[in-house]
Amino acid sequence: MPDNTTSIDRSASAGTWARARHWASVVSLVAGATTIIVGLTIVLLAESVPLSLQYLPLLVSVLVLGLPHGAVDHLVLPRARNEGVTRRSLAVIGLCYLVIGGAYAAIWALAPAVAFVLFILLTLFHWGQGDVYALVELTGVDYLEGTGSRVLTLLVRGGLPMLVPLVAFPEQYAFVAGTLVGLFDPAAAAALEPAFQPRVRLVVGLGFGLIVVATLGRGLVRSGPTGPWLIDAGETLGLVALFALVPPVLAIGLYFCFWHSIRHILRTMLVDDRAMSVLSRGGLAAASRRFARDAAPLTGGAIVVLGGVALLVPQTPATIPDVAALYLVTIAVLTLPHVVVVTALDREQGLWFPRAE
């Protein structure tokens with residue numbers, strides 16, 4: 001697999017790193033393909049999927065992959081810098097979550113419709129950010145050598161789960177938006193109605209479709225139909241199918257667990273020398289146990305935050321969609337500081353700009 005333009009500082013040997021990255025790449029690709037295949041198979045085999053079952057992957061993500069994937073934020077930057085975890089580093093991360101997450105929670109309480117739009121934009125950025133890392137570092141896509149190419153790819157990969165369902169399933173998208181906003185102010189959901197109108201969805205669909213075609217076309221011109229481009233194009237078109245054909249609640253739940261979360265977990269393993277060493281020998285199970293152990297304390301802390309959010313919302317969750325909405329609001333509050341940490345990791349690893357020596 002060719003090297004790429006990132007400048008990740010690795011204390012492990014080059015051979016150990018290459019083998020670990022190979023295994024991470026294999027797991028990433030298999031998990032991604034499985035996500036798409038499972039989602040499309042469910043739709044093909046089932047005439048309709050009950051809403052309660054559509055929420056199942058999302059609810060499972062409380063303990064499996066989803067919530068835990070961000071629960072090692074206090075470890076990733078010290079490990080990426082080959083430094084020890086100190087009280088100061090823990091305090092910085094804790095303060096980041098308290099201040100930034102707390103401020104976003106206040107926006108949910110005061111202006112829930114605005115907070116929902118911010119959540120969509122934040123998720124678009126973060127999920128695109130995660131896929132740019134996977135394409136550059138794991139897949140070895142060599143035509144994303146410039147910032148402009150990576151920004152376009154971020155927009156495409158983040159826009160697929162956030163924008164395609166808006167075009168394909170406006171009623172269900174509006175329903176989910178209403179459940180989140182309705183926890184705080186049911187009347188505020190009316191402010192989001194223009195986004196679901198046919199004319200707006202047509203503009204979004206055409207505009208985003210052009211960005212997808214232009215981005216893949218640019219990659220094809222730069223690299224030709226090489227293996228990395230075929231993987232990029234295959235994943236992109238597969239995700240288009242997933243989010244255009246599978247009900248969005250189910251599609252997002254599958255994607256969050258088995259696409260985004262797994263890729264980020266693999267990234268955290270590759271900055272952990274012990275996990276990397278085990279992974280380089282094909283020890284995915286052992287590396288996963290180490291990750292689970294590291295993530296357990298703050299996964300528990302995130303569940304406490306979920307309970308705190310439940311106490312703050314004026315509307316008591318009474319249905320599965322309401323409980324899922326409460327969980328999504330909690331994820332939103334935790335995602336903003338998580339994005340700050342991941343963006344710092346991007347900078348540390350030189351994903352967007354060369355790292356300062």
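Colleague: Let's start with Arg 81: buried, exposed or partly exposed?

Modeller: In this predicted model, Arg 81 has a relative accessible area of 36%. That lies between 20% and 50%, so Arg 81 is partly exposed.

Colleague: Which side chain does Arg 81 meet in a salt bridge?

Modeller: Glu 348, at 3.3 Å from N to O.

Colleague: How many salt bridges does the structure hold?

Modeller: The structure holds 12. One of them joins Asp 294 and Arg 79, with 3.1 Å from N to O. This pair links distant parts of the chain: Asp 294 belongs to helix H13 (residues 284-312) and Arg 79 to helix H4, 215 residues apart. Asp 294 counts as buried at 15% relative accessibility.

Colleague: What about Arg 222 and Glu 145, how far apart are N and O?

Modeller: Their side chains meet in a salt bridge at 2.6 Å. Arg 222 lies in helix H9 (residues 198-223) and Glu 145 in the loop between H6 and helix H7 (147-168), so parts 77 residues apart in sequence are tied together. Arg 222 is partly exposed at 39% relative accessible area, and Glu 145 is partly exposed at 42%.

Colleague: Which residues are linked in a network of salt bridges?

Modeller: Asp 131, Arg 157, Asp 232, Glu 235 and Arg 263.

Colleague: Switching to aromatics. How many pairs?

Modeller: The count comes to seven aromatic pairs. Take Trp 127 and Tyr 255: the ring centres are 4.8 Å apart and the planes are at 50 degrees, so the pair is tilted. Trp 127 is in helix H6 and Tyr 255 in helix H11 (residues 248-270), 128 residues apart.

Colleague: Are those two buried or exposed?

Modeller: Trp 127 is buried at 7% relative accessibility, and Tyr 255 is buried with a relative accessible area of 0%. Both also belong to one aromatic cluster, together with Phe 243, Phe 256 and Trp 259.

Colleague: Phe 243 again, then. Where does it come up in the largest nonpolar core?

Modeller: Phe 243 is among the residues with the most contacts inside that core, along with Trp 108, Phe 116, Leu 180 and Leu 270. The core has 101 residues. Helix H6 (residues 112-139) gives the most to this core, with 14 residues.

Colleague: What does Phe 116 touch?

Modeller: Leaving out residues up to four places away in sequence, Phe 116 touches Trp 108, Tyr 173, Ala 177, Leu 180, Val 181 and Leu 192.

Colleague: Now the outside. Which residues form a nonpolar patch on the surface?

Modeller: Leu 53, Leu 56, Val 60, Leu 63, Val 64 and Ile 303, with about 510 Å² of accessible area together. Within it, Leu 63 lies in the loop between helix H3 (56-60) and helix H4 (73-80), and Leu 63 is exposed at 58% relative accessible area.

Colleague: Last one. What does Thr 335 touch?

Modeller: Leu 122 and His 126, not counting residues up to four places away in sequence. Thr 335 and Leu 122 are 213 residues apart in sequence, with their C-alpha atoms 8.0 Å apart. Thr 335 is in helix H14 (residues 320-348) and counts as buried at 10% relative accessibility.

Definitions and conventions: Residues numbered from 1 in each chain as written. Predicted model: local features only at pLDDT ≥ 70, side-chain atom pairs only at ≥ 80, totals over all residues. Heavy atoms only, no water. Core = buried A, V, L, I, M, F, W, Y, C linked by side-chain atoms within 4.5 Å. Buried < 20%, exposed > 50% of the residue type's maximum accessible area, 1.4 Å probe, protein only. Helix = DSSP H or I, 4+ residues; strand = E, 2+ residues; numbered from the N terminus. Contact = heavy atoms within 4.5 Å. Patch = residues over 30% accessible without salt bridge, like charges linked within 9 Å, V, L, I, M, F, W, Y side chains within 5 Å. Areas by Shrake-Rupley, 256 points an atom, 1.4 Å probe, with all protein chains shown as cover. Salt bridge = Lys/Arg side-chain N within 4 Å of Asp/Glu carboxyl O. Phe/Tyr/Trp six-rings, centres within 6.5 Å; stacked < 30°, edge-to-face > 60°.
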